[in-house]
Each structure stands twice: as C-alpha cells, then as structure tokens.
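Dear colleague,

I am handing over the structure below, together with a short account of what was found in it.

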Amino acid sequence: MIRISVLLMSFVFFGCGSTANNSKESKTVTPAVVKLSDEELMDVVQKQTFKYFWDYAEPNSGLARERYHPDGVYPENDANVVTTGGSGFGLMAIVSGMSRGYITKKEGVERLNKIADFLDKADRFHGAWSHWIDGKTGKVKPFGTKDNGGDLVETSFLVSGIITVREYLKDGSEAEKAVAKKYDVLWKGVDWKWYTNNKNFLYWHWSPTYDWQMNFPLEGYNECLITYILAAASPTHPITPKEYHEGWARNGGIVTDKTKYNIPLILKHNGAEEFGGPLFWAHYSYVGLDPNQLTDKYANYWDLNVNHVKIDYEYCVENPKKFKGYGSDYWGLTASYSRNPDGTIGYNAHMPSNDVGVIAPTAAISSIVYTPKESIAVMRNLYENHKKDTWGVAGFYDASSLQYGWTAQRYLAIDQGPEVVMLENYRSGLLWKLFMNAPEVKQGLIGLGFHSDKYGF
C-alpha cells in the first residue's frame with residue numbers, strides 16, 4: 001500500500017490550515033535569467049539546491065530539517081525537526097558538494113563529523129532511528145501517536161547516505177578515516193533482523209510503547225526496495241533471502257504484465273497498478289543503488305524505472321484533465337506540498353491516478369538519470385519562464401500549479417535531496433559508484449539473487 005497513514009499524518013503536520021498565498025517570497029534577490037547551456041543549468045540547479053543541506057540545515061545537529069520555509073512561518077515547534085530519510089539524501093549531497101567544490105573538503109568533513117556524533121547520541125530503537133528527531137535534543141519527535149519509535153524505511157534511506165560517506169572518506173587522511181569509522185559503526189548498529197518480528201517480512205515501525213501496532217509489513221512494489229537490500233547486506237544483523245522473496249516479492253506476485261501507453265509496468269505498484277505510483281518510488285531506493293544493468297528474477301530495474309517515469313511523462317503530455325501548462329516541459333507527479341480545493345496548503349501523493357494539477361520539480365529533476373532530455377526541458381522551462389515564482393534560496397520551490405497560479409514557496413528535504421543526488425549521478429555517477437562498490441552492499445545484492453554487469457556480479 002501507499003503510505004496512506006503516513007500521508008494523512010503528514011497532512012496535519014504540514015500546516016494544512018495555511019492559506020495558499022500567505023508564503024512571502026524570499027528576500028534574497030535572484031539574478032536575471034540568462035540563457036544557460038544544459039551543463040550550466042544543471043550546475044546552477046544542483047549548487048543552489050545543495051544549499052538546503054548546507055546553509056539551511058538544522059544548526060545543532062547539522063542534519064536536514066524536515067522542511068525549510070523562507071518566510072520563517074512554521075507549524076508549532078517545527079523549525080528544528082530533523083528528518084531521518086531526508087538526512088540520508090543530505091549526506092550524499094554533502095559528498096557531492098565536496099566533490100564539486102561547493103564547499104571545501106575540510107568543511108565537509110567537519111560537518112560530517114558533527115552529524116555522526118549527533119546520530120550516535122540520538123534515540124534509537126533496536127538500532128533504527130525514528131522518522132523525525134528533535135534537532136536540539138536528539139530525542140524522538142513522534143510522526144504520529146503510535147509512530148514514536150524506530151522507522152526502518154527512513155533508517156534505510158539514512159544508511160544509504162551513511163555507507164556512501166564511509167566509502168568516500170575511508171581512504172583519506174587520518175581525520176577522514178576517523179570520521180569514516182564513526183559512520184561504519186553507526187550503520188552496523190541497525191538490528192534489521194529484529195524488524196522481521198519473527199515473520200517473513202520486514203516491518204516499517206516498532207515502538208517501545210506500542211510495540212508492533214503500526215503493523216506495516218513491507219511488500220513490493222513501492223519505495224522500500226533498498227530496505228531489504230541493506231537488511232541483507234548487514235554484517236551484524238542480516239535477514240535471509242526468504243524475507244525478500246516471500247515478503248517483499250510476494251512469492252513472485254510482485255510481477256505484472258500490465259502496460260500503459262504500450263509501456264510495460266514490469267512490477268505491481270501498490271495501490272497504483274494502472275499508471276504506477278508517485279515518482280519518488282523511482283528515486284528514493286536508487287540514490288545509491290544503481291539500477292543500470294541491475295536485475296534479479298523479477299525485474300530489470302533500469303527498465304522498471306525508465307518505464308515508470310515515461311508513463312508519468314506520457315500521462316502529463318496527454319493531460320486528460322486539461323490542466324494549464326501540462327506538457328513536455330511541465331510534467332512530473334510525486335508526493336509534495338499541494339494546493340487543496342479550498343485554497344489551503346496540504347500534502348499529497350500526486351500521481352496519474354491522483355492528479356490535482358500540481359507539479360513538483362523534484363519529480364522531473366530527480367528523474368534526469370532516466371529521462372535526461374525531458375527532465376532538462378522542465379528545468380529550463382521553470383528557470384527561464386517561471387523563475388520569479390518557482391525559484392528561491394534553495395533551488396526550485398517544492399511544488400507549483402499553473403492551473404491555480406500557485407507556488408508552495410517552501411522546501412522539503414525529501415524532495416530537494418534526490419534532486420542534488422540524481423543530478424550528481426547523471427553528471428558523474430559518483431554516488432552510485434561509492435555505494436555500489438561497498439563490499440557489504442555487493443554481498444547483500446548477490447545473496448538476494450541480483451546481478452549487475454556494470455559492477456561485475
């Protein structure tokens with residue numbers, strides 16, 4: 001299932017009572033639009049979006065805030081809330097920033113050391129971190145009444161970043177090696193096996209007060225593939241292939257022969273079997289996991305993701321609901337801030353089967369590895385034709401709608417992060433190379449029956 005319960009909870013926390021036009025534009029003056037080459041455009045977007053994780057990080061922890069509002073207006077007690085999954089993307093963004101010279105290596109290592117120390121002292125639940133963490137104290141901030149403990153999926157996104165940092169620093173200076181060792185210890189502390197609850201599944205949540213009452217087994221297909229891969233890769237608390245094949249893959253039931261626009265879906269998208277789910281499903285697991293030439297007995301994962309994105313693209317070009325602006329340079333449906341029918345701001349898992357006329361820039365930008373021409377067209381359209389409304393201090397704002405003349409003028413870590421990471425992967429492949437060459441990751445993939453011609457297993 002799609003994270004309906006999570007989305008509903010998010011709707012409350014994301015300030016659904018705010019009016020659509022109450023966000024003030026950033027005071028930062030942006031330069032006049034000039035015609036950029038594709039490479040220049042990608043660098044401008046990547047560098048500006050990187051600021052989310054550097055200039056606007058939560059100051060005490062150094063981790064990624066759940067959200068950043070340039071107008072300074074937040075839901076109560078929300079400005080210092082850290083997001084675990086978004087911080088994983090942020091760790092990769094910092095590696096990218098060091099590699100590209102957006103920051104110095106010394107600056108990056110100092111921040112990464114600060115983050116490691118914070119994560120080491122933060123609340124953990126059988127090794128897993130909570131969905132949200134109070135950036136001031138390291139204590140869990142409940143994502144919902146019963147969601148006040150370990151969140152294994154968010155933890156897996158964080159661990160993807162942790163492993164990437166370790167690989168980037170492990171052969172560096174003595175200071176860099178010391179930080180790499182801290183990250184190595186952090187990820188090896190996750191008790192993935194505990195989160196099977198002695199069943200043939202991994203479970204999303206465990207709470208010290210509510211135990212397993214959230215009862216959310218991870219079954220494919222959605223954004224959670226990486227959780228099983230990391231659980232199998234763990235040298236300390238691994239799962240067995242049985243959980244992957246019987247739980248995630250539903251004893252083969254994960255496969256589908258359905259097509260849309262004559263494009264095969266390949267795997268059943270939970271709750272979205274006609275068109276596929278929101279596009280973050282093609283991003284979150286794959287910030288480190290390289291789908292190029294990656295296969296198992298259920299799918300070719302490159303084809304899976306390319307097809308998912310192309311179906312979303314074709315839907316937006318077809319534009320059956322006739323929303324203003326939709327087309328080859330204005331497309332991309334995924335979970336983001338959203339405009340409600342009454343004009344208030346909420347949160348919604350946009351996809352073709354749940355299209356309300358709101359485009360999220362992260363959907364197309366983070367898909368650049370799959371559809372470079374189509375993704376660059378969206379970036380160029382937004383930057384050259386809609387910059388005044390859609391561009392701010394940390395890159396493109398989270399969501400917009402030409403239909404309603406509305407822009408969120410807010411940012412979310414889980415949307416800004418994949419933009420930086422996938423732009424880096426498209427431009428250099430750096431983050432994919434670091435993660436995929438981690439020896440434990442390779443062994444985990446091999447144990448589950450994966451093959452990669454690109455990485456030689």
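Which residue forms a salt bridge with K454, and how far apart are the closest N and O atoms? The partner is D290, and the closest N and O atoms of the two are 2.7 Å apart. Here a salt bridge means that a side-chain nitrogen of Lys or Arg lies within 4 Å of a carboxyl oxygen of Asp or Glu. This pair links distant parts of the chain, 164 residues apart, with K454 in the segment after strand 17 (451–452) and D290 in the loop between strand 8 (263–264) and strand 9 (294–295). Helices (H or I, at least four residues) and strands (E, at least two) are DSSP runs that are numbered from the N terminus.

Before going on, please note that this is a predicted model, in which local features need pLDDT of at least 70 and side-chain atom pairs count only at pLDDT 80 or more, while totals for chains, interfaces and linings use all residues. Residues are numbered from 1 along each chain as its sequence is written, and side-chain values use heavy atoms, with hydrogens and water left out.

Buried means under 20% relative accessible area, exposed means over 50%, and partly exposed lies in between (1.4 Å probe, protein chains only).

By the salt-bridge rule, the count comes to 23. One of them joins R166 to D184, with the closest N and O atoms 2.8 Å apart. That pair also links distant parts of the chain, since R166 is in helix 5 and D184 is in helix 6 (residues 174–188), 18 residues apart. R166 counts as buried because its relative accessibility is 7%, and D184 is buried too, at 18%.

Another salt bridge is formed by E167 and K170, whose closest N and O atoms are 2.9 Å apart. E167 is buried at 9% relative accessibility, while K170, at 33%, counts as partly exposed. These residues belong to a network of salt bridges that links R166, E167, K170, D184, K188 and E440.

Finally, please look at T164, which is found in helix 5 (residues 152–169). T164 counts as buried because its relative accessibility is 0%. Leaving aside residues up to four places away in sequence, T164 touches M92, L431, L434 and F435, where a contact means heavy atoms within 4.5 Å.
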